[in-house]
Amino acid sequence: MTIQFKALPTEDVRALQRGGPDAYGQTPERKISDGDGVPCRHCLKNVAAGDPYLILAFRPFPELQPYAETGPIFLHAEECERAAAVDTLPEMLESTDYIVRGYGSDDRIVYGSGGVISTGAIAARAEALFERDDIAYVHVRSARNNCYQCRIERA
């Protein structure tokens with residue numbers, strides 16, 4: 001089985017880059033990157049030192065429900081190209097480990113599917129999760145802060 005790492009949809013990102021409201025109805029905050037640990041969830045690359053970026057509340061779920069986690073993410077403040085859906089780790093995943101967790105078609109956590117996984121083992125863990133019928137997609141999240149990084153789907 002093959003997998004695909006998926007970035008945020010361009011139409012959603014462009015709305016935020018143009019000052020649209022985040023998941024809490026707030027205008028995204030604009031900052032300047034120091035080049036350290038500012039991963040853009042659209043191009044799946046780090047924002048370079050000196051470049052502007054946005055901090056905003058994001059909920060990667062279609063509707064509110066108890067498992068619809070909302071948290072902070074970063075985006076380039078200026079337009080960037082959406083990362084292609086590929087089976088290789090995104091450039092921005094530089095930490096030693098991440099939370100990898102499966103969700104069902106009802107957009108709820110599938111209990112027992114989550115774990116802190118070494119970065120080099122993320123793809124293999126996602127493939128193993130997709131062997132289960134109850135896993136519709138997988139999130140990669142920060143192991144330190146639980147921040148959403150990207151989504152993994154079956155190819």
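**Aromatic pairs: exercises**

At 6% relative accessibility, tyrosine 148 counts as buried, a value computed, like those that follow, from a predicted model.

**Exercise 1.** Tyrosine 148 forms an aromatic pair with phenylalanine 58; classify its geometry and state which strands the pair ties together.

*Solution.* Next take the geometry, in which the centres of phenylalanine 58 and tyrosine 148 are 5.6 Å apart and the planes stand at 45°, so the pair is tilted. Finally place the residues: phenylalanine 58 lies in strand S3 and tyrosine 148 in strand S8 (residues 148-154), so the pair ties together parts that are 90 residues apart in sequence.

**Exercise 2.** How many aromatic pairs does the structure hold, and what is the geometry of the pair of tyrosine 53 and phenylalanine 74?

*Solution.* The structure holds five aromatic pairs. For tyrosine 53 and phenylalanine 74, the ring centres are 5.4 Å apart and the planes are at 90°, so this pair is edge-to-face. Tyrosine 53 belongs to strand S3 (residues 52-58) and phenylalanine 74 to strand S4 (residues 71-76), so the pair ties together parts 21 residues apart in sequence. As for accessibility, tyrosine 53 counts as buried at 10%, whereas phenylalanine 74, at 21%, is partly exposed.

**Exercise 3.** Which residues are linked with Tyr137 into a cluster, and which residue lies over the face of its ring?

*Solution.* Ring pairs join Tyr137 with Phe61 and Tyr103 in a cluster. Over the face of tyrosine 137 lies arginine 151, at 3.6 Å from the ring centre.

Technical notes: Residues numbered from 1 in each chain as written. Predicted model: local features only at pLDDT ≥ 70, side-chain atom pairs only at ≥ 80, totals over all residues. Heavy atoms only, no water. Phe/Tyr/Trp six-rings, centres within 6.5 Å; stacked < 30°, edge-to-face > 60°. Helix = DSSP H or I, 4+ residues; strand = E, 2+ residues; numbered from the N terminus. Buried < 20%, exposed > 50% of the residue type's maximum accessible area, 1.4 Å probe, protein only. Lys NZ or Arg CZ within 6 Å of the ring centre and 35° of its normal.
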